[in-house]
Each structure stands twice: as C-alpha cells, then as structure tokens.
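Open the model in your viewer and keep the selection panel at hand. The stops below go from strands to domains to the chain contact.

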Amino acid sequence: MTLAPLIRRLQAIVGNAYALHRPEDLIVYEQDALMVSRHKPDLVVLPDTTQQVSEVVRAVRELGLPIVPRGAGTGLAGGAIPERGGVVVALTRMTRVHDIDPISKTAVVEAGLVNADLTAMLEPYGLFFAPDPGSQVAATIGGNVANNAGGPHCLAYGVTSNHVLGLEVVLADGTVTWVGSRALDEPGYDLTGILVGSEGTFGIVTKAIVRLLARREAVRTLLAIYDTMDAACEAASAVIASGIVPEALEIIDGMSMRAVNKTLQAGFPEDAEAALLIEVEGLAESVPVLIERIEAICHRQGARRIQTAATAQDRMGLWKGRKHAYGALGKLARRAIMLDVCAPRSHLARIMRQITEAGTRLNIQVANFFHAGDGNLHPNLLFEFDDNSPEYARVVATTEDIMWACIAVGGTITGEHGLGMEKREYLGWMNSDADIAAMKRVRDAFDPDGAMNPDKVFPTGRPVHGTIPSVRAAGGADR
Amino acid sequence: MIRTMPVIPEVETCIHCGLCLNQCPTYRLTHLETASPRGRIYLIEAASHGRLDVTSGVADHLYLCLACRACETACPSGVQYGRVAEAARDVLGPPGRPFQRAMVRFALRHLMPHPGRLRSVAAVIRFYQRSGLAALALRLLPRRLRRPAALLPEASTRFYTPEAEVLPAIGEPRARVAFLTGCAMSLFFAEINEATLRLLRRNGCEVVLPQNQACCGALNIHNGEVASARAMARRNVDAFPVDVDAILTNAAGCGAAMKEYGHLLGDDPDYRERAERFSTLVRDTGEFLAALGLRNSPKATDRVVTYQDPCHLAHGQGVRAQPRALLAALPGTTLREMVASDRCCGSAGIYNFLQPETSDALLAEKMEAIRATGASVVVAPNPGCMMQLRYGVRRFGVPVRVAHLMDLLDEAGA
C-alpha cells in the first residue's frame, strides 16, 4: 500500500513538519523506555489541537491502519511501541493549560503537558498535581492518564485515577467526546474511571480536567539507614502497622544509592544496604510529632542512622536521587528492565528475599527501589546482552519468578506501569478467561476494530518476548 | 552523502529513560523525538549498527543540537552527550548545505588555528563597521543576509595584544596563573581581557601570557573538525607552562573545551599525559577568583543584575555558584534570578549563524526572561552569549546592559 496520499493528507492537517515519514524521523519512535523491543511505525504525526487529532484519526482509519498514541515515551511497559506498525500519534505538542481554578482546585490541561511543568505552574497558587511518577520531569499528563501512573506520594494521595475528574477523548472513529466534568459527582457511568489506565486502547485522550491539591503547611523528610534489606522492609511494615500513613514511604537499596551517587550529590550513604525514605506532611504542629514517632519505630527496627533533611535543598536532593535511580542504572549495566509488581505490605521482607533468590538462581543482577508504603515493588533486572540473545530467556525467567512470587502472596503483576507489551501475556495469571472476555467487551464497545493501540493489554497467545516462550506455563487464575 | 557511523561507546550508557527530553531546548521548541538527546542518541546508535543510513537528514538532526549539554545536567546515567555529539559530528563533517559547509570548513581549518589570520579578518570587519559600510549594508543587503550582518558583533577599537609575556602581581603575590587570551575575547572584547588582567593582578596574581598560544579549538570540536582541534590543543599544551596554580580563561566555551584536552588527546601517546595535566589546571576566571577570594573591598553600586549561566559553564563545567558568589560580594548589587537562567540563549558558537530560526526563538524567550527581572545588567561570562544577548538587546529593545562578570568586578575595584 502506498502511503503517499495519506502522508499528503496528514501534512495538510498538521503541517509538513509534523507528519513524519522519512526513515530517520520514524526510527526514533520505534521504542519508548522499554529498551528490549522495537518496531518501526509507518508514519508519525504530531497534531496540535483536538480537532487535528480527530481529523488524523479519521484519515488513518479510512485506510485501516492501526493507531498508537504516544506521550513522551517514558513508559516502561512498551505501551507506545507500534508493534504492528501503523501511525504513531504523539501528543507532545499539545501542552496548553486552558484553565486553572484555584478555588475549586481544578485545571484543564492538554494531554502533552509535562507533569512537572504543571506542578511548576501551580507553585504560585500553593497547589500541586499529586501523581509524581519517577519520570515526572518528562512524562506527559496524557501518558499518566493512559497508564494510571503512580509515584512515591500516591501512598497518601492516591494514583492518577483519583486526580482526574474528566477527559476529552477522540474515539476510534474520530468522534470528540467529553467524559466526566468538573463536578465531583457525575450522573451516569463513570467513563473517566475506565478510561484512566486503558493504555490508549479506548481512544486518544486530548485534555484532562485534573484535581489539584493544596500544599501542606509543613513537610519533613528523613532517611533511615539499614544494614540489611530485611530490616528495612520490617521497619516499613512496622511504620504502616502503627497506623501512621506518611505521604511517602520508599525503600532504596545500596546498589541503587551508590549508582545515584556517581552522578548526583543526592546525600545517600555509600555504605548502607538499604534505606527508608519517609516524608510526612501536615500541620506545623502535627508533623514533628509524627516524625518523632516514625524515628522511634525506625530506631526500634534497628536503623543504623537516621538523617533528616535540614533544608528544602536537602529534601529536593533526596527526592531527585530517588527519582533518578532508574536512569542511574545505566552506570551499572548496558540494559535494564524495571519491573513493576505489588505485594501486600505485610509480606515485604519475604518477597524481597524471594526476589534476591530469583536473581541469584538465574544469575541476573537485581537493583531495587520501590514504594514500600503501598507494596509497589520495582525490581530492576540488569544485564549486558541484547534481547535477541538466547541469554534473554534468563531475564524472562527472573521476571516470571518474581511475578509468580507476588501473586502467590496475594499481590499483582503491575502496580503503575501498565501491561503494555511487556506483561500482556501474563494477564491470565491474574484473571480468569471470563474476566478477560468481559474486559474485551468493554474495549470492543469503544473500538470494535481493535485499531487503537492494538495488541496491548490483552494476551496475544504469542511468545512473551520475541521467540522466547513463557518459562512458567502455569497460568489461569483461580482466585 | 552516505557514511558509516562508528560505534560510539558513550552511547551505551543511555538507557532511554527520557528524563533529558524536557530539559533540551530544541525538544522544548519542536516536541520532536529527533530533536531530543535521547532521539539523537537513538539515531547514532541505529546508524552505528547499520539499521539506518547516515543521510543528510540524520546530519540535520544532529546539527539542530546546540551542544549546550543541558542534557548532561539532566541525565541520571551520566551520559556525556557533548562527547557523543563531537564524535558523531566528526564523522559527518561540518554543518550546513554544501556552500555553507565549505565556508565553515575553510574557516575552521584555515582561520581558527592561525591567530594572525584571524586578526586580519577582524581588522576587515572593524574597517567595515567603522567606515559606515556596515550601516549601509544593513539597509541594502537582501533580507536573507541582513540577519547575519546584524549578528556580527562590534570589533574592539583595539585588539588585545599582551604587553609582556609575564605581568607581575600588584601587591603581595598570592598565585601564579597562565591566561588564554582567546580569539573572540581578544578581537571583539579586548577591553574585557584588559579588565580581567587588571583584576587578577590587583588580586595578587602574577599572570603568564604564553606567546605561542592558539585558539582553544572549541568551535572546531563542535563542528566536525576534530583533527584540526587536536592540532590546536597540542599547540596550547606546548605553549602553556604547567608550573602555575591555574590556567585561566574568561570564556566559558574555552574553559569547557580545555578541561577536555585530556580526553581530546587521549589517543595521542606523546601528549596524553601532558594534556591531562593541562586540563586539571584549567579554571574559569570566576571559578578561580571565587576560590581565591577577593582581596579589595569593592565599591558600592545600587542596581539589580541578573545572571545568564553560560551553558558551557553551568552544564559543561558545573560552575554555577561561584559567579553568583562574586556578584553577591558587590555591595549594592542585587541578583534577581531569571526564569531558566541555565537554558541556552541560542548563541552556541556559530549556531546562531547556521540555525537562525531556532536561535531566534530561544533568544526571544531569553530576552523576555531577562526583561521580566527588571534588571539593568545581565551578566553572561562568555563571548558567544554576550554577542547573542547584545543582538537581542538591539532586536527586542530590552533596556539592559550586557556585561561580563570581570567587567563588574573590575569596575568596582575588587
């Protein structure tokens, strides 16, 4: 099929500079932040308005090509990889903020706006957008919505779905529609709820009505340093068990802290095996009391040392260090895959031991930094070979062992990164055939042709990676 | 033009996390992955592994980069994109369309390495500016050529020529330093070189001005002429003494380049060690003076200044606090930070001549950020930034003086 007429039509819609068709323009859209898979799109188009998105969708669908929506491409599950080719619709040009309402604490923003840019804009109002994924300095609101992104502060504030009131969506036939509204209670179906986390398979989100939160009066951050991962996990469980819900409760292991220290002066210790990064926000009177209680628990759980961030700069340093941890792994190995799994918080120490064992057994180095407070784990598998090497089977096996261990204790196979390509074949490990069929019927209602971000989320029945089959054929959840 | 791209090992450190994207000035303008550091690395990697032909389109993407190195500040993994860009551009050759490329190559190969020839060119520019021809040209030239004509900075009334090879310290000696007089600084900012030397000497520095020094080679390194840059680096390594406390420059771009001589000459067994030694001695004058401490109490002047971080000082050398500390030492001077002071102004060596659209867009943002501070002086300790900001002042009518840090310190008698 010649694409020339489509290219001309797309150029007419978005302008020549933003309808990409040359090999050197397309190739960079083969991949997102999932390093182990790449597929070249047939075309890439970057619309500037909702109207343009709608026209683009109509034009592409008339030719029957699939559409893959894309934000900044910081997703770690391959959700923006155009596996079947087709047209990548990147929303990165749509960065406008249409309205900030400081009284009702809402804003209407375009999908391509960068998460951290929104929060920076809200600074003068004393407001912020709560979801703060590690990639927030680059990731877009649209991408956050598509993957129901989390972040360290989700522990207290909830994930993206708790902060989106409404969405403007371009459906698979080009229809532009709004779901939800500024009102907190909408009549009818909660379509906003099912669109958030739909990974671009229901349509293209072009605008979001987001909820904003007011900055608290006081904030304190501490780093409790431990000699073993076990002790750090027990301490995190103890904090939660005491009834305190900090705004953030993270664990970062020694390998990751040392990697971060190589590029940043984050203030992490060089000689610890694990550290808890805890943040408490609230009233000026209550915060010191809480911090004191948390410090006491940490000490009781064998903390070798506790350091509190004395200045705002120290605090920013610790958080920057935490959020740069994934990128810093580039210092340790050529390739890294950040897994995203969950385990109940009462099982943290046990599951972390199992993760270590899986890595040792399969000879894959594993670095860990994770949201201990809500049991959302991020084991990072480090390796030197390419994904088309036979050795990659060990990476698959480690991934599967870790997921299986989480499921066995009542956890899940993804917390905040989505299923994308990476985890789709494992949906059946968590859900029955009937569950999956029900989800598919919802998808079909939005996109009967399966043209929007095809082959994502749902199992395809193909090998889990390239030609590598699942090592653990076990599946079929009977909960 | 189809060439093969060798494997650039530095590229392997990138794990495609994308945290650099929104810190890259060209990505912020275009929102295209090809205009981002991660995208450029992807292109280089794909070309090295035979998955992509090195077409002129690839060269265009790699030359849209300002080489500001803001991505290095952003990168959690410590990818030194500056080095990646230099290596890739060396394969591609100089930027631009064939005629432009030939001009750039000629200038880089046959003018930059020769201080005498550079001086002659600057003398022609000076004649052109003083004779009134420049004013005429700005009116008569075709529109396409008016912008480059307007960008051209005013040549100094006199070029900087060292009066001796060693200038003694004034008062009790505290340090012995060598000084790179620089090409742009000598020919377009001679009075700043003079101010710098007065300031250094008043602060107890004996200053060595090596006779046989050459341009630092930064422009050559950034524009695909690494071989000639190496020759210039060797000449400087030979010319400069190393029995000094520091080798100083008042140009951020030169400092960043000379701090990398060890890397540049890393494959040259005859020069490697000396180049490394040279690089460890290199300091920006602001960096050096902040560490040394000002000896005299400066005069007070009530004013608001704002500070533009030269990319190759902030991102290239990590020097941010020191110039600000020196400004803070000036009584009456209030530093009011602009938004994104470490974002490139669009100067970037010869970038403003070769990429007018991108350069102008960045300059417009920058001038707005400066205007918003209400400052009467913008300090930008690098010749390229100063030329660009002075052009911005004229073009956008922002009532602000563009000064070098050394200017203000010298004027205050520090």
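Two strands count as paired if DSSP finds at least two bridges between them. Strands (E, at least two residues) and helices (H or I, at least four) are DSSP runs, numbered from the N terminus. The model is predicted: local features need pLDDT of at least 70, side-chain atom pairs count only at pLDDT 80 or more, and totals for chains, interfaces and linings use all residues. Residues are numbered from 1 along each chain as its sequence is written, while chains are lettered from A and ligands numbered from 1 in the order in which they are written.

**Stop 1: strands of chain B**

Select strand E2 (residues 175–179) of chain B and strand E3 (residues 205–208) of chain B. They run parallel and are joined by four bridges. Pick B:Arg176; its bridge partner in E3(B) is B:Glu206.

**Stop 2: domains of chain B**

Colour 9–92 as domain 1 of chain B and 297–411 as domain 2. Such bounds come from an automatic or database domain assignment. The C-alpha centres of these two domains of chain B are 26 Å apart. Twelve residues from domain 1 of chain B and twelve from domain 2 of chain B make the contact; residues are in contact if their C-beta atoms, placed from the backbone, lie within 7 Å.

On the domain 1 side, show helix H1 (25–30) and helix H4 (70–74) of chain B, the elements that give two or more residues. That side has seven nonpolar, three polar and two charged residues. Nonpolar means Ala, Val, Leu, Ile, Met, Phe, Trp, Tyr, Cys and Pro; charged means Asp, Glu, Lys and Arg; the others, Gly among them, are polar.

**Stop 3: domains of chain A**

Chain A has domain 1 (4–90), domain 2 (97–214), domain 3 (218–327) and domain 4 (333–446). Select domains 2 and 4 of chain A: their centres, taken over C-alpha atoms, are separated by 26 Å. Domain 2 of chain A gives 16 residues to the contact and domain 4 of chain A gives 13. The domain 2 side divides into ten nonpolar, five polar and one charged.

**Stop 4: between the chains**

Note on methods
Contact = placed C-beta atoms within 7 Å.
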